[in-house]
Amino acid sequence: MPSPTVPISHYEPAPVTTSTIDYADLTIIDLSKSNTKEGRAQLALQVRDAMSNQGFFYLIGHGYSTEQMERMLDIADIPFSQVSDEEKQKYVAPTKQTGSYQGYKLRQYWHIDGGVRDQVENYNINHDVNRRTHPEAVRPFLPEISQFARHSHMNVLDPILRLMALGLELPEDTLLNMHGWDTQSETYVRFMKYYPRSAEDEEKTKSVWLKGHTDFGTISILYSQPVAALQILARDGTWKWIKHIENAIIVNAGDAMEFLSGGFYRATIHRVVQPPPDQRQYTRLGIFYFCMTDDDVKLAPLVASPLLQRVGFKRWFDKDEDAPLMLEWRKARTSAYGQTTLSKSDKEDGVEEEVINGVVVKHYN
Ligand SMILES: O=C(O)CCC(=O)C(=O)O
Ligand SMILES: [Fe+2]
């Protein structure tokens, strides 16, 4: 049961920016319309259009209130503000060895550019919150975090997966059946806190905090927060800012969804940059639910889709049996990220590449 009586200090997020910036124009999906069959058919078309064009959309009507979100934000700050550096060290994720982020990713782990390393702390918790132990200050809040993960899974992820399966003209539960709650998967809650950086770091990285990348899994669920910093690479090659919408969720597809849909749903490149001037002195605390299929799902195209048969699809692997399992793809991508030496693309300016499971993975500056 949730325990909202456990005392907690309040995290006050930055005020919304008043700067004029170039925002992406994304579709807003109202999930409260998905209770009826007609509603779902209509939303499925909207989601299909958004995921095959921008690869990003907003979700509203998801049933989590602003007050519940404020409470989760207070909880999200605990692993950063209420745990000593010494205790944090005990819970650092052995990411390079295990290909898993569970636990802390402390500052300066990822290489960004020009010798500059990141200034962001993550604390990652598997959707099964008891899979690992947690710092003492986090423990009283595990029931609430578990309930939040369950909400994100059942009330956000599952409806999205239903709509995306419908979009491929497949049975509604096709994708959902690959994303069990009780099965073995890496699907996890991430708390992420960015700290302001030095002028020197900003200059050396041309203000990039997290290089342009695609996410590794199927669906990423980003609970909207006020500090503008996230940008997506639009089809015309320009970076567009993601606008904060109170109590909305930003949804994007990752590599695994791109593989399963034969390239129809796009894993869009996105990055994080220095916020506009009026938000630069604030920390930026975010809450995410990163979703992957069950570990044992092969990431080969869903060729039974009548839509894919009509419009055509891309194969990354000649034979389906050569496609990686979700477990293999996640491990390889996770252990390499921010650690490997990337090589410059000979085709595209400002792009660096690495080869993972035979696939060229690009990183954008
Ligand atoms: O901080 C954000 O808004 C996005 C972070 C992100 O892209 C990631 O963690 O993969
Ligand atoms: Fe990302």
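The model is a predicted one, in which local features need pLDDT of at least 70 and side-chain atom pairs count only at pLDDT 80 or more, whereas totals for chains, interfaces and linings use all residues. Residues are numbered from 1 along each chain as its sequence is written, while chains are lettered from A and ligands numbered from 1 in the order in which they are written.

The secondary structure of the chain comprises nine helices and 17 strands, where helices (H or I, at least four residues) and strands (E, at least two) are DSSP runs numbered from the N terminus. With a radius of gyration of 20 Å, close to the 21 Å that the globule rule gives for 365 residues, the chain is as compact as a globular protein of that length; this radius is taken over C-alpha atoms, and the rule is 2.2 Å times the number of residues to the power 0.38.

Eight strands form an open sheet of mixed pairing, in the order β1-β2-β12-β9-β14-β7-β6-β3, two strands being counted as paired if DSSP finds at least two bridges between them. At the edges stand β1 (28-30) and β3 (103-105), each of which pairs on one side only, and the twist from one strand to the next averages 25 degrees. Within this sheet, β7 (residues 188-194) and β14 (residues 284-291) are joined in the antiparallel sense by seven bridges, with Val 189 having Tyr 289 of β14 as its bridge partner.

Helix α5 (residues 142-167) packs on the sheet and touches β2, β6 (120-126), β7, β9 (219-223), β12 and β14, its direction making about 120 degrees with that of β9. Contact here requires C-beta atoms, placed from the backbone, within 7 Å, and angles, from 0 to 180 degrees, are taken between the N-to-C directions of lines fitted to C-alpha atoms, for helices over the stretch in contact.

Strand β10 (residues 230-233) pairs in the antiparallel sense with β13 (residues 270-273) over three bridges, and Gln 231 stands opposite Arg 271 in β13. The hairpin of β10 and β11 has five residues between its strands, and Gly 237 in the turn has a positive phi of about 85 degrees.

Around ligand 1 lie Met 192, Leu 210, Asp 215, Leu 222, Leu 230, His 270, Val 272 and Gly 286, a residue being near if its C-beta atom, placed from the backbone, lies within 6 Å.

Note on methods:
Contact = placed C-beta atoms within 7 Å.
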